[in-house]
Amino acid sequence: AEIEKRLESFVNSCAGYCVVTYLLGIGDRHLENILVDRKGKLFHIDFGYIFGKDPKPFPPSMKISPEMIKCMDDKGSKRFEEFKNKCINAFWVLRENARLIVNMLYLMLDSGIPELNNQEALEKMHEKFLQQQIKQDAANSLLTIIEESTGSFYSLLDTAHNLAVKWKG
């Protein structure tokens, strides 16, 4: 029963973070920047790359590592389906508040944050809310992003990145 609570906490936090990091374009997501506490809650550290900036040449839209998927009993499992549903629900809630979220970030244009020094980054982020689509089409688009981001191409890039980091250091 305790392990189920931890796995549920992991799935919930993973879904929330996946959607938020996708919308904010948080880059440089790898296992050294993603932690899990004793209760199963996933959280991110190191936000040096935001609004689409990333040190990798072809970063996925949404960072979901093979290890994260394995913790959810792999693709096609009940738990992974729950994860996708929670992503959609989180996306819908944030999407309903897209204007407020983007306007709050517009207020930070003069904050000195380099990635926020122009409106282009915020306009790109606003597009990710898929406001021009009806709710179900937006959900389907998000599911496509999840599927593409969990593909073998990005797993291969992560492996190459990890090898390069080990070789360099």
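Biologist: Is Cys87 buried or exposed?

Modeller: Please keep in mind that this is a predicted model. Cys87 counts as buried, at 0% relative accessibility.

Biologist: And what about Cys14, buried or exposed?

Modeller: Cys14 is buried, and its relative accessible area is 0%.

Biologist: Which cysteine sulfur is closest to that of Cys87?

Modeller: That is the sulfur of Cys18, at 5.4 Å, again too far for a bond.

Biologist: Let us turn to the helices. Which residues of H3 and H6 meet?

Modeller: From H3, the residues are Phe80, Phe83, Lys84, Cys87, Ile88, Phe91, Trp92, Arg95 and Glu96. They meet Lys135, Gln136, Ala138, Ala139, Leu142, Leu143, Ile146 and Glu147 of H6. Cys87, discussed above as buried, is thus among the H3 residues in this contact.

Biologist: How many of the residues in that contact are nonpolar, polar or charged?

Modeller: The contact of H3 with H6 has 11 nonpolar residues, one polar residue and five charged residues.

Biologist: At what angle do H3 and H6 pack?

Modeller: The angle is about 130°, and the axes are 10 Å apart. H3 and H6 are therefore oblique to each other, and H3 passes H6 in a right-handed crossing.

Biologist: You listed Phe80 there. Where is it, and is it buried or exposed?

Modeller: Phe80 is in helix H3, which covers residues 78-96. Its relative accessibility is 1%, and Phe80 therefore counts as buried.

Biologist: What is Phe80 in contact with, beyond its neighbours within four places in sequence?

Modeller: With those neighbours left aside, Phe80 is in contact with Ile69, Met72, Asp74, Lys75, Ile146, Glu147 and Thr150. Ile69 is 11 residues away from Phe80 along the chain, and the C-alpha atoms of the two are separated by 7.1 Å.

Biologist: What about H4 and H5, at what angle do they cross?

Modeller: Helix H4 (residues 98-106) and helix H5 (residues 119-128) have axes that come within 10 Å and cross at roughly 165°. H4 and H5 are therefore roughly antiparallel to each other. The crossing of H4 past H5 is right-handed.

Biologist: Which residues make the contact of H4 and H5?

Modeller: H4 contributes Ala98, Ile101, Val102, Leu105 and Tyr106, while H5 contributes Gln119, Leu122, Glu123, Met125 and His126. By class, seven are nonpolar, two are polar and one is charged.

Biologist: Now the loops. Which residue has a positive phi although it is not a glycine?

Modeller: Phe51 is one of them, with a phi of about 55°. Phe51 is placed in the loop between strand S2 (42-44) and helix H2 (66-71). With a relative accessible area of 14%, Phe51 is buried.

Biologist: What is phi of Leu130 near, and where does Leu130 lie?

Modeller: Leu130, a residue other than glycine, has a positive phi near 55°. Leu130 lies in the loop between H5 and helix H6 (135-149).

Biologist: Is Leu130 buried or exposed?

Modeller: Leu130 is buried, because its relative accessible area is 11% and the cut-off for buried is under 20%.

Technical notes
Residues are numbered from 1 along each chain as its sequence is written. This is a predicted model: local features need pLDDT of at least 70, side-chain atom pairs count only at pLDDT 80 or more; totals for chains, interfaces and linings use all residues. Side-chain values use heavy atoms; hydrogens and water are left out. Buried means under 20% relative accessible area, exposed over 50%, partly exposed in between (1.4 Å probe, protein chains only). A disulfide is a pair of cysteine sulfur atoms within 2.5 Å. Axes are lines fitted to C-alpha atoms, for helices over the stretch in contact, and angles run from 0 to 180 degrees between N-to-C directions. Helices (H or I, at least four residues) and strands (E, at least two) are DSSP runs, numbered from the N terminus. Angles under 35 degrees count as roughly parallel, over 145 as roughly antiparallel, 65 to 115 as roughly perpendicular and the rest as oblique. A crossing is left-handed if the near helix is turned anticlockwise from the far one by less than a right angle, and right-handed if clockwise. Contact means heavy atoms within 4.5 Å. Ala, Val, Leu, Ile, Met, Phe, Trp, Tyr, Cys and Pro count as nonpolar, Asp, Glu, Lys and Arg as charged, and the others, Gly among them, as polar.
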